[in-house]
Amino acid sequence: MEHFPFSFQQLLTSFSVILGSSPTAQSFLTLVVGWILCNGRHTLSAVIRAAGPEAIKSHDAYQNFFSQSKWSMDSLWKLLFIYLVKTFHSALEPSPHTSAPVIWIAGDDTLVKHYGRKIWGAGLYRDAVRSSKKHPAYAWGLNWVVLAMILKVPLIKDRFIAFPILARLNPKNSPSKDSSATENEKKKSKGKGRTNKVTTVTLMEEMVRTVAAWLPEAKFVFCGDGAYACMAGKKPENVTVVSRIRRDAALYGLPQPKRENTKGRKAKKGKRLLSPQDMASKAGKQWKTYNIDLYGKIVERQLYTYQALWYEVCADELVNMVIVRDPEGKSEDEYFFTTDLNMTPEEIVLCYTGRWAIEVVFRETKQYLGMNQPQARKKEAVLRLTPFCLWLNSMIKLGYILGSRQEQPLHIENDPWYPHKDTISFQDMLTSLRLHFWQNFIFSKSTFQDDSEKIGEFIIKSISRVT
């Protein structure tokens, strides 16, 4: 680990301290080194080989780190969140009413393909990558719900960066399927009266409440796709929800005040309003033209905004509706809402488009960190391996940014066919860490011939290994 940048070493050491015993912390640091240096498939055996001289324990010890060791993944998540808030405090916008920061978070679920009938929590899920509107595709694997912190970092121009801060598994095998479950528990798990139903929405709601409790004085803006729009009525007080809304959603006006000396209860909703789609068709000249940041590009869009009561989801407060229209008619109208009535239309659209950064995280972690490649089967290992990969994604980004502040970052040369590239990607950050490691490892100050032979042997094996 001493061959990484000093700032990254300090960062890893602070996380290893909270894991408990010294052997567990040592296994943790070795696995981080191996995971970063590993090329090809990130099976645990390949990671241990990639760690080279750092891996001084037996193979079983590193396997047991995920399946048997006593450490909490949530403690790593919480410390990571604290580091992110401290590091990027100046980049976080303050709340207009208090001095507390406004933290943007985004959530989504992803399928980690993992074939095998004896894998705990695995099942048949819809594969969003291969599916279309008319032809859904399914794959066997693990369904993970992920929450990430969304930031704009000065080092990385013109785009949002997502840092995963929490992850939960939506398992197929519910508690009622365990052999130890009683008959009454199994009956309650079926039908409308089931008490232990777990969905992606309930897991996301739990994670949002957990993160909001880590920093209760801050204001959080949660953004999710239309599947998580129902969270608007179940959010904590310090959380604002931004999401899509159905084009045929049933919206209402505010209820009229109850007249004095009249019977009956007070009305909970007012007159039925037009659906968002019908409202857009009858907006007339009420559209306003804005130049908005849409996925990193400044484009011209027409926005129409109004307030309404979405009684079925958020019965106690109004929501701010925004309809986005392409003046050239190349794309269909889009419908968004937020529970914060003070957010401007541009902020609402920018917040939702910034959510795309979490989709980029899924691709980065699967492609470069092998999130779907470890062959874990036991419950404890399954619940730790994927979150560990997502946590490492955030750590690599955080380590690179901290290193660029304290040290001179390594220059990454662009490919000849990509001369116009002017931003830093996750692949560049990972490459920078690897370059720093290998340069320090190769050009060490050792003068002993035996050490040179060991270094050369390790490098040759690393380069020649077939993956």
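Trainee: Hi! What should I know before I start looking?

Mentor: The model is predicted, so local features need pLDDT of at least 70, side-chain atom pairs count only at pLDDT 80 or more, and totals for chains, interfaces and linings use all residues. Residues are numbered from 1 along each chain as its sequence is written, and side-chain values use heavy atoms, with hydrogens and water left out.

Trainee: Great. How many aromatic pairs does the structure hold?

Mentor: There are 24. Rings of Phe, Tyr and Trp (its six-membered ring) pair if their centres lie within 6.5 Å; planes under 30 degrees apart count as stacked, over 60 as edge-to-face and the rest as tilted. One of the pairs is Phe15 with Tyr83, which is stacked, at 5.6 Å centre to centre and 25° between the planes.

Trainee: Where in the chain do Phe15 and Tyr83 sit?

Mentor: In distant parts: Phe15 is in helix α1 (residues 6-17) and Tyr83 in helix α5 (residues 73-87), 68 residues apart. Helices (H or I, at least four residues) and strands (E, at least two) are DSSP runs, numbered from the N terminus.

Trainee: And is Phe15 buried or exposed?

Mentor: Phe15 is buried, with a relative accessible area of 0%, while Tyr83 is partly exposed at 25%. Buried means under 20% relative accessible area, exposed over 50%, and partly exposed in between (1.4 Å probe, protein chains only).

Trainee: Which residues do ring pairs link into a cluster?

Mentor: Phe15, Phe28, Trp35, Phe65, Phe66, Trp71, Tyr83, Phe388 and Trp391.

Trainee: Back to α1, then. Which of its residues are buried?

Mentor: Ser7, Phe8, Gln9, Leu11, Leu12, Ser14, Phe15 and Ser16.

Trainee: New topic: charges. What sits over the ring of Trp140?

Mentor: The charged end of Arg117, 4.4 Å from the ring centre. Lys172 lies over the face of Tyr125, at 4.7 Å from the ring centre. A charge sits over a ring if NZ of Lys or CZ of Arg is within 6 Å of the ring centre and within 35 degrees of the ring normal.

Trainee: Now strands. Why is β9 largely enclosed?

Mentor: Six of the seven residues of strand β9 (residues 319-325) are buried, so the rest of the structure largely encloses it.

Trainee: How many bridges join β8 to β9?

Mentor: Seven, and strand β8 (residues 297-308) runs antiparallel to β9. Five bridges join β9 to β10, also antiparallel. Two strands pair if DSSP finds at least two bridges between them.

Trainee: Last one: how many cavities of 30 Å³ or more are there?

Mentor: The search finds three, and the largest cavity holds about 80 Å³ of space. On a 1 Å grid over the protein atoms alone, a cavity is a set of points where a 1.4 Å probe fits but cannot get out; lining residues have an atom within 4 Å of a point. Grid points are joined across faces, edges and corners, and a volume is the space filled by probe spheres set on the points.

Trainee: What lines the largest cavity?

Mentor: It is lined by 13 residues, with His114, Met371, Pro374, Leu385 and Thr386 nearest its centre. Helix α11 (379-406) gives the most to that lining, with five residues.

Conventions
1 Å grid on protein atoms, 1.4 Å probe; cavity = no way out; pocket = protein on both sides within 12 Å on 5 of 7 lines; lining within 4 Å.
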